[in-house]
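Work through these exercises with the model open. Try each task before reading its solution.

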Amino acid sequence: MTSVTLPSLPPHWRERVARLPSRPPSMALALLLDRLLLPRLDASQRQALQGQTVEIELRELGARVRLRLGERGFRAAGEQGAPHLRLRARADALWRLLRGEDDADRLFFEGALVMEGDTEYGLVLKNTLDAIGPLWDVTAS
């Protein structure tokens with residue numbers, strides 16, 4: 001499959017985008033994860049991932065989402081406080097990861113995916129995603 005790369009915004013535009021509220025795109029992603037990921041998590045996985053804020057930033061755009069898994073599912077985390085874990089990635093790398101075309105380890109080594117914060121929590125998240133497989137079925141698209 002051919003990978004499509006988003007063009008990067010100029011730095012001054014990425015800075016502006018980064019200042020936009022994260023709640024609207026975070027709410028949309030939370031709804032999507034409630035459909036694609038939540039039903040595939042068992043009780044121990046939910047418990048291990050619950051209660052921590054994870055921020056995901058698309059490098060090309062400076063856009064970011066902030067999520068938290070609670071007892072009833074994923075929710076937008078809001079702007080308060082530093083995230084427990086921050087992931088910065090290129091859009092094409094995240095797309096390949098969601099589709100199961102690449103694994104997180106390879107993307108980390110390529111520098112396409114960068115993790116900051118609680119690395120132990122990051123490993124729990126990575127291992128959980130590895131265990132459940134692709135979130136987006138390659139054969140369905």
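**Exercise 1.** Which residues does Thr-128 touch, not counting residues up to four places away in sequence?

*Solution.* This is a predicted model: local features need pLDDT of at least 70, side-chain atom pairs count only at pLDDT 80 or more, and totals for chains, interfaces and linings use all residues. Residues are numbered from 1 along each chain as its sequence is written, and side-chain values use heavy atoms, with hydrogens and water left out.
- Step 1. Find Thr-128 in helix H6, residues 119-132. Helices (H or I, at least four residues) and strands (E, at least two) are DSSP runs, numbered from the N terminus.
- Step 2. List its contacts, meaning heavy atoms within 4.5 Å. With that sequence exclusion, Thr-128 touches Leu-41, Gln-45 and Leu-49.
- Step 3. Look at the side chain of Thr-128. It reaches the backbone oxygen of Val-124 at 2.8 Å.
- Step 4. Thr-128 has a relative accessible area of 7%, so it is buried (under 20%; exposed is over 50%, partly exposed in between; 1.4 Å probe, protein chains only).

**Exercise 2.** Trace the order of the strands in the sheet.

*Solution.* Two strands pair if DSSP finds at least two bridges between them.
- Step 1. Read the order: E3-E2-E1-E4-E5, an open sheet of five strands with mixed pairing.
- Step 2. E3 and E5 (113-117) each pair on one side only.
- Step 3. Take E1 (residues 53-58) and E2. They are antiparallel over five bridges, and Ile-56 stands opposite Val-65. Five residues separate them in a hairpin, where Gly-62 in the turn has a positive phi of about 80 degrees.
- Step 4. Take E2 and E3 (residues 73-76). Four bridges join these antiparallel strands, with Gly-70 partnering Gly-73. Their hairpin runs through two residues.
- Step 5. Take E1 and E4 (residues 85-89). Here the pairing is parallel, over five bridges. Glu-57 stands opposite Arg-88.

**Exercise 3.** Why is strand E2 largely enclosed by the rest of the structure?

*Solution.* Count along residues 64-70. Five of the seven residues are buried, so E2 is largely enclosed.

**Exercise 4.** Which residue lies over the face of Trp-13?

*Solution.* 
- Step 1. Apply the rule: NZ of Lys or CZ of Arg must be within 6 Å of the ring centre and within 35 degrees of the ring normal.
- Step 2. Name the residue. Arg-16 lies over the face of Trp-13, at 4.8 Å from the ring centre.

How values were computed:
Polar contact = N/O pair within 3.5 Å; in protein donor to acceptor, adjacent residues only side chain to side chain.
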